[in-house]
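Here is a friendly briefing to read alongside the sequence and the 3D view. Take a look at both before you start on the notes.

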Amino acid sequence: MSEGSELYDITIIGGGPVGLFTAFYAGMRQMNVKIIESLPQLGGQLGTLYPEKDIFDVAGFPKIKAKDLVANLKKQAFQFNPTVVLDERVQELVRQDDQTFLLKTLSGNEHRTKTVVITAGVGAFEPRRINVENAEIYDGKKICIIMWMMSAALRISAWLFWAAATRRSTGQTHWSRLPSK
Ligand SMILES: Cc1cc2nc3c(=O)[nH]c(=O)nc-3n(C[C@H](O)[C@H](O)[C@H](O)COP(=O)(O)OP(=O)(O)OC[C@H]3O[C@@H](n4cnc5c(N)ncnc54)[C@H](O)[C@@H]3O)c2cc1C
């Protein structure tokens, strides 16, 4: 499939906070804008790595959660209806004879643009796959969260058992940490 028929004024590679604000600014200047993001959602590191973290160093916000900042950036950028392409990783940038650019993505799509702004941050993010045979059958089943919860639950029950055993032998409960091994 090719999405390259329309020629955009500006194509932004990377839909993190910098890409989103770039889209807002270009939209305000009446450019037609496309954002290409390798992840299934916008927001970059804020949405992917620390959505619940409070951020204290954004001008005008004494404190704001990362996911709320992403929501605000999207709202600001979307006022000018940029085209958003998700799940597409730009791999190649080819200058054309007419001085426009052709962007080729990993999935084989092509995008045409007069200018390119690369706001790729630390690089394209990809989901980290579990290195287990047939792991793909668990795709979309949130197995990591379940495993984490199970290990946390096992740890908590071991800790409570240990605390109760200590109490039985000494008559006191010591709320200290269970040794990690
Ligand atoms: C744990 C943690 C806490 C932080 N806390 C703070 C804080 O409190 N205050 C602060 O100011 N900063 C903080 N930072 C730093 C901040 O997150 C980054 O400075 C910011 O995300 C950079 O934004 P960006 O848009 O340049 O890049 P990114 O957020 O990295 O976004 C780049 C986007 O481009 C996409 N992309 C890359 N390559 C391609 C490609 N080839 N094709 C398509 N898409 C592509 C990526 O998937 C990504 O979504 C923190 C960082 C971390 C890890």
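Helices (H or I, at least four residues) and strands (E, at least two) are DSSP runs, numbered from the N terminus. Starting at the N terminus, the order of elements in the protein is β-α-β-α-β-β-α-β-β-β-β-α, which gives four helices and eight strands. What you see is a predicted model, where local features need pLDDT of at least 70, side-chain atom pairs count only at pLDDT 80 or more, and totals for chains, interfaces and linings use all residues. Residues are numbered from 1 along each chain as its sequence is written.

**The protein overall**

- A residue is called buried if 20 or more other C-beta atoms lie within 10 Å of its own, exposed if 12 or fewer, and partly exposed in between, with C-beta atoms placed from the backbone.
- Of the 181 residues in the protein, 22% are buried.
- Two residues are in contact if their C-beta atoms, placed from the backbone, lie within 7 Å.
- Taking the contacts between residues at least 6 apart in sequence, 56% join residues at least 24 apart.

**Helix 1 and helix 3**

- The axes of helix 1 (residues 17–28) and helix 3 (residues 66–78) come within 8 Å and cross at roughly 25°.
- That angle makes helix 1 roughly parallel to helix 3, because angles under 35 degrees count as roughly parallel, over 145 as roughly antiparallel, 65 to 115 as roughly perpendicular and the rest as oblique.
- Axes here are lines fitted to C-alpha atoms, for helices over the stretch in contact, and angles run from 0 to 180 degrees between N-to-C directions.
- From helix 1, Pro17, Leu20, Phe21, Ala23, Phe24 and Gly27 meet Leu73, Lys74, Gln76 and Ala77 from helix 3.
- By class, this contact of helix 1 with helix 3 has seven nonpolar, two polar and one charged residues (Ala, Val, Leu, Ile, Met, Phe, Trp, Tyr, Cys and Pro count as nonpolar, Asp, Glu, Lys and Arg as charged, and the others, Gly among them, as polar).

**Around the ligand**

- The ligand is surrounded by 28 residues, and the closest are Gly14, Gly16, Val18, Gly44 and Gly121; a residue belongs here if its C-beta atom, placed from the backbone, lies within 6 Å.
- Helix 1 and helix 2 (44–48) are the elements that give two or more residues to this shell.
- The shell around the ligand divides into 14 nonpolar, ten polar and four charged residues.

- Val117 sits in strand 8 (residues 110–118) and is partly exposed, with 19 other C-beta atoms within 10 Å.
- Val117 and Ile10 are 107 residues apart along the chain, yet their C-alpha atoms are separated by 7.2 Å.
- Leaving aside neighbours within four places in sequence, Val117 is in contact with Ile10, Ile12 and Thr22.
- Lys65 belongs to strand 4 (residues 64–65) and is partly exposed, with 16 other C-beta atoms within 10 Å.
- Not counting residues up to four places away in sequence, Lys65 touches Glu52, Lys53 and Asp54.

**Two positive phi angles**

- Most residues other than glycine have a negative phi.
- Gln30, in the loop between helix 1 and strand 2 (33–36), has a positive phi near 60°.
- Gln30 counts as exposed, with 8 C-beta neighbours inside 10 Å.
- Gln99 has a positive phi of about 75° although it is not a glycine, and lies in the loop between strand 6 (90–95) and strand 7 (101–105).
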